[in-house]
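Hi everyone, thanks for making time for this.

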Amino acid sequence: MVQDFLELLRDEKASLLEAWGEKVRTITPAYEKIDFRNFNESAFAFLDAFCSTIQNNDFEPMRQLLEKMVAEHHFPRMSFAQSQQAFSALRYVLFPILIERYQGKDLLELLNHINQIIDKIIFHFSDLFQRSRADRLKTYADKLEEEVEKRTLELEESRRNYQILFEEINDGCFVNQGGKIVFANKAFCDMHGYSQEEVIGMQCDKLIADDSRARVMERFYLHLKGKVPFETYVYCRQDKKGESFPTENRVKLIRFNGRPAVLGLCMDITARLEMDEKIRQKDRLALIGSLTTSIAHEIRNPLSAINMNLQILLNKLKLNGND
């Protein structure tokens with residue numbers, strides 16, 4: 001009886017596989033677009049292992065085949081439940097053949113035997129499938145963790161680079177948001193004589209001298225409205241002692257923590273203005289020198305003529321005619 005059934009399976013292998021594929025398509029939508037001709041080699045190997053399990057009551061060939069199929073990802077788009085349905089669909093192909101050819105005790109024994117083998121295939125496949133998925137998830141998690149760690153290090157390096165950039169530059173860098181200082185580097189704090197803790201949250205108008213305050217604040221609100229582009233202007237800042245100093249400010253509209261703000265770079269121009277004044281003084285002195293030389297030249301010419309005539313007169317005191 002068993003041998004007769006095995007000979008039937010081997011003789012009708014191609015038609016059985018085709019019927020199995022058609023049945024899988026009807027019960028599992030995920031298989032509808034799969035061309036089962038691409039799985040002939042694996043499917044034939046599966047039926048051979050299935051027959052060997054029935055004949056020799058040895059599950060080892062089937063176990064090895066299942067491990068190979070899982071390792072080679074023969075079910076890349078299928079969930080575990082869909083794969084279970086595909087194996088279970090073999091019953092719909094084999095049972096009608098058994099019912100047609102066998103009766104009574106023989107039929108019940110074969111049905112029971114085949115059910116046990118298919119259940120064992122599904123249980124073993126379940127373990128392999130779950131382990132494979134767990135391994136892939138672990139590999140993915142490890143790679144993801146490495147990538148997160150890498151990105152974190154890159155972000156930290158970038159943060160340190162920006163911190164060095166803002167902290168080490170000589171220009172004062174600040175962010176003005178809503179009329180308050182929400183960010184300031186060390187140079188900005190030193191320029192105004194405050195600590196960083198004192199500056200953060202301070203109203204920005206307190207850092208502007210009286211004669212510049214209205215003009216600078218007006219520009220700030222125009223920047224927030226986008227009516228004034230990136231620009232450079234000069235104003236007088238006010239430090240903690242109340243003293244004012246000429247300052248050049250370069251500003252640009254940005255978004256800080258998701259809200260509009262103004263980024264500024266300010267530079268003390270006291271030394272530059274003093275140098276400009278010295279240059280202007282030198283220019284004025286040079287002009288005075290040139291003018292003095294010109295005036296002296298203009299005066300010397302008539303004096304020379306007077307001097308020459310006086311000398312002539314001294315040599316000839318007795319005058320005649322036109323003399």
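Let's begin with Leu 8, which has its place in helix H1. Before we go on, please keep in mind that this is a predicted model.

Is Leu 8 buried or exposed? Its relative accessibility is 17%, and buried means under 20%, so Leu 8 counts as buried. And what does Leu 8 touch, once we set aside its neighbours within four places in sequence? The answer is Ile 97 and Arg 101. Take Ile 97: along the chain, Leu 8 and Ile 97 are 89 residues apart, yet in space their C-alpha atoms are 9.5 Å apart.

H1 covers residues 2–11 and H6 covers residues 90–101, and they pack with their axes 12 Å apart, at an angle of about 135°. H1 and H6 are therefore oblique to each other. Their crossing is right-handed. Which residues meet there? From H1 we have Asp 4, Phe 5, Leu 8 and Leu 9, and from H6 we have Leu 94, Ile 97, Leu 98 and Arg 101. Sorted by type, the residues of this contact come out as 6 nonpolar, 2 charged and no polar.

Let me step back for the overall picture. The protein chain has 323 residues, and 32% of them count as buried. Its elements are 11 helices and 5 strands. If you take the contacts in the chain with a separation of 6 or more, 55% of them are between residues 24 or more positions apart.

Next stop, Asn 57. You will find Asn 57 in the loop between helix H3, residues 40–56, and helix H4, residues 60–71. With 64% relative accessibility, Asn 57 counts as exposed. Leaving out neighbours within four places in sequence, Asn 57 has contacts with Ser 52 and His 113. His 113 is 56 residues away along the chain, and the C-alpha atoms of Asn 57 and His 113 are separated by 9.8 Å.

Now for Asp 171, in the loop between helix H7 (104–168) and strand S1 (172–177). Asp 171 counts as buried, at 19% relative accessibility. Which side chain does the side chain of Asp 171 join in a polar contact of 2.8 Å? That is the side chain of Arg 250. Beyond its neighbours within four places in sequence, Asp 171 is in contact with Asn 185, Ala 187, Cys 266 and Met 267, as well as Arg 250.

Lys 186 is our next residue, and it lies in helix H8, residues 186–192. Lys 186 has a relative accessible area of 48%, so it is partly exposed. Lys 186 and Glu 168 are 18 residues apart in sequence, with 8.0 Å between their C-alpha atoms.

My last stop is Asn 257, in the loop between strand S4 (244–256) and strand S5 (259–268). Most residues other than glycine have a negative phi. Asn 257 is not a glycine, but its phi is positive, at about 55°. Buried or exposed, then, for Asn 257? Exposed, with a relative accessible area of 70%.

Key: Residues are numbered from 1 along each chain as its sequence is written. This is a predicted model: local features need pLDDT of at least 70, side-chain atom pairs count only at pLDDT 80 or more; totals for chains, interfaces and linings use all residues. Side-chain values use heavy atoms; hydrogens and water are left out. Axes are lines fitted to C-alpha atoms, for helices over the stretch in contact, and angles run from 0 to 180 degrees between N-to-C directions. Helices (H or I, at least four residues) and strands (E, at least two) are DSSP runs, numbered from the N terminus. Angles under 35 degrees count as roughly parallel, over 145 as roughly antiparallel, 65 to 115 as roughly perpendicular and the rest as oblique. A crossing is left-handed if the near helix is turned anticlockwise from the far one by less than a right angle, and right-handed if clockwise. Contact means heavy atoms within 4.5 Å. Ala, Val, Leu, Ile, Met, Phe, Trp, Tyr, Cys and Pro count as nonpolar, Asp, Glu, Lys and Arg as charged, and the others, Gly among them, as polar. Buried means under 20% relative accessible area, exposed over 50%, partly exposed in between (1.4 Å probe, protein chains only). A polar contact is a pair of N or O atoms within 3.5 Å; within protein, one must be able to donate a hydrogen and the other to accept it, and residues adjacent in sequence count only if both atoms are side-chain atoms.
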